[in-house]
Structures are given as C-alpha cells and as structure tokens.
Amino acid sequence: MGLETSKEGPQTLRYKVQDRRESVVVSLDSLANLGTRPSDDVIERDLKEILKEVVLDERQLQELSNLPMEMKWSLICSHREFLASNAEVIAKTMNSQAAVHLGNLKEEPTLANIQALREWLDDYPDEEEIRSFILLQGENILFNLLDVAEQVSRNTKNYVKQMEILKCLESLINTDEGIEAILRSQTAITVILNNLHKTHVEMTHSVIELLSAACWSSNEGHGMVLEALTKLKNTRKVPFRFTPLVEIVLESPNIIMVENVITFINTLIESPVDDKRRSILRSEFLSLGILDVFQKVKEKIAKEVYKIEDCYVAAVHRALSDFKRAGRLSSLAINAPAGTNGGGTTVADFPIYLSLIHISEPTRLLSISYAVFCLKKK
C-alpha cells in the first residue's frame, strides 16, 4: 500500500492503495455516515496499524499527524470500507492467469517467461484478465524489463528479448484499458522510443505501432510522444527531435521500414485535434527538408534500390499467423525470394505460393493489418 496525502480542500484527504489505480478521496462531509467515533487512543492505534504497510517521507508523516482526529477516523473507516468492498476483486486478481504470468516474470525474467506472457496476451484474454494484469501493474513490469533489455542490447546486439516485450505491449494497446494504463506512466513512451533502431525493421515497426497508438488515443498521448522525441534528441545528440525519423527514411535500404516511418510522420502531423498544432509540426518537418527526402525515396523506388529480403519471411509469417488465428486459412506455402531463408510447407494436393507485395500500417485501435500478395498456383 502506498499512501500519498495531499490537501484538495480544507475538508478532503486523498490517498492511494496498492492494486487500485485511482485515488480514494476521504471527505469530512461524509462524517455523518461513519458511526460512533471511538476514543482518540483507539483511532491512533488503528491508524498506526494501517501505516505499518505504508512508506512515507517525513513531510507526509508530519502532515498526517497534524490532521484533525475526525479526519483520521474518516480515513480509517474509508480504508476498511475499501478493503471490504474490493475483497472479491482482489481475490480474483490474485488468482488470475495474469497473476501467474507476472509472478513468474518477477521471479525469473527469462526469455521463456516473456514468450509465455506474449502467447497468453496474443490469445486475447477476457476483460477481467486484462483488468487484473493492469491492477498488478503488469505494464510497468514490462517497461522495466524493456529498459534493461535495451541497455544490454547496446553491447550484445541481441534484440530477441526486446522484441518479445514490445510484442507484449502491442497486444496490450489493443484494449482501451491497456492504452490508458500505458499513458498513465510518465516514462513509458520514452522507454519505448529508445528502442527505435535504424536497421532492425521489425523492432522499429513495433515501436512505431505503440507510438502511433499513443498519438491517436488523445492529445495527451501525442504530447507524450513529442516529449519523448525531444529526450531522444538529447540522448542521441542529434540537432532536432525529428532527426532520427528523417535519417531512417533517408538512409534505410528497406522499403517496409521507410513506409512505416513515413506513415508515422504523417501520424505525428495529422493526429492532433488542433489545426495550429498540426501546422507547426508540418512546418518543423518542412524545415528539415522532408520534401527533398521524399523525392529521394521516389527516385530510389524508380531505380529499384530498395530490398525487402531481410524482413520478408518474418513479415509474411506474421501476416499469415493473423489470418490463421481468424480462421480464414488453414495452411499455406510461402515462396520466398532468392537469397532469403524462406521455403515453405505446402497445402496437401493444392500448394499455393505467395509473393509479398505490400503490408499495410495496422488500423487503430484493433491493430488489424492487411497484406497484398501475388498468388500463383504451381
């Protein structure tokens, strides 16, 4: 239990309880419903029991000790009422599948446990399970793991754990409660953006997925993304906050990566509700020479400079996995381009070979993508 005291008015106290996101507000206006007040000694004793579970600094302790006895009694009654009214919810939360997965992750933050969590999230758990996941601060556990994995990968160049964590977060943002929980964290967007990578196509795709969801969710989410971009500018010591995005568009040899980043740039400009804000962002990109950058992209497309081999197989398998989960396909054979690790499993009696043309930017908020293939019966 974490207690945070603050005065909202002369007769109000706000505090927080573990496994409850919103604060509990105690008002002296409700004193008439509190029943008979015990002696001051009993109130002090009961409050002391509550505070045994609480970590407070000296200022908060002093503030609490100076409260009128009536307010202390109100706090005690409200706390007891909360525990009684939420006993069933707390019991369900602690016995949920979310609690099992997060418990395993806390005990052993291994790749296997992260993958198990991802598989569970990919199977679309019901609303109660997602609520339990959030009550247990699952998203914060993932952010902490992602922050550590990103720092470690700078030396190891192994990005597998990062990718799994980002995929877990992608599944989480497909729910209203999930995106709200992510945006409640002051550091979440910064931690996500730190994983923006110049050459790792799939990881950058996941980062852009999450950032785009934040932008479209609310003006607050859009503002958090802009703030995170400013922090990234300082961290990477580049001249402008949008420089990392422009560099990827200009330098990446991968057309899927380029398309994703261009779509995200458009999201940054178009998602704010305020026309003035959109105009300012558009001008900022123009000052970075974005039109010249786009012209160079067009020239590269015309010259067939881009390649998609390095992410072809992963992208196709991801798209087919989504189709299979929806029950639309049973199995397919993938005919990958020369030089890739493709190959395929054929459908009995009717092998179908696919050549990937395009994978769309997923829609919001359900993250539905479509893929365009050229089909050829062999």
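Welcome! Two aromatic pairs are found in this structure, which is a predicted model. The chain has 378 residues, 45% of them counting as buried, and its secondary structure consists of 18 helices and five strands.

**The tilted pair**

- Tryptophan 120 and phenylalanine 133 make up a tilted aromatic pair, with 6.3 Å from centre to centre and 35° between the planes.
- Tryptophan 120 belongs to helix H6 and phenylalanine 133 to helix H7, so this pair ties together parts of the chain that are 13 residues apart in sequence.
- Tryptophan 120 has a relative accessibility of 13%, so it counts as buried, the cut-off being under 20%.
- Phenylalanine 133 has a relative accessibility of 0% and therefore counts as buried.

**The stacked pair**

- Phenylalanine 242 and phenylalanine 285 form a stacked aromatic pair, 4.2 Å centre to centre with 10° between the planes.
- This pair links distant parts of the chain, 43 residues apart: phenylalanine 242 sits in the loop between helix H13 (219–236) and helix H14 (243–251), while phenylalanine 285 is in helix H16 (residues 275–287).
- Phenylalanine 242 and phenylalanine 285 are both buried.

**A look at helix H8**

- Helix H8 runs over residues 138–156, and its 19 residues should span 27 Å at 1.5 Å a residue; the end C-alpha atoms lie 26 Å apart, which agrees.
- Buried residues of H8 include Gly138, Glu139, Ile141, Leu142, Phe143 and Leu145.
- Further along H8, Leu146, Ala149, Glu150 and Ser153 are also among the buried residues.
- A handy thing to know when reading such a list is that an α-helix has 3.6 residues a turn, so residues three or four places apart point the same way.

**The chain as a whole**

- Counting contacts between residues at least 6 apart in sequence, 63% join residues at least 24 apart.
- The chain exposes about 20,200 Å², and carbon and sulfur atoms supply 51% of that area.

Terms used: Residues numbered from 1 in each chain as written. Predicted model: local features only at pLDDT ≥ 70, side-chain atom pairs only at ≥ 80, totals over all residues. Heavy atoms only, no water. Helix = DSSP H or I, 4+ residues; strand = E, 2+ residues; numbered from the N terminus. Buried < 20%, exposed > 50% of the residue type's maximum accessible area, 1.4 Å probe, protein only. Contact = heavy atoms within 4.5 Å. Areas by Shrake-Rupley, 256 points an atom, 1.4 Å probe, with all protein chains shown as cover. Expected span 1.5 Å × (residues − 1). Phe/Tyr/Trp six-rings, centres within 6.5 Å; stacked < 30°, edge-to-face > 60°.
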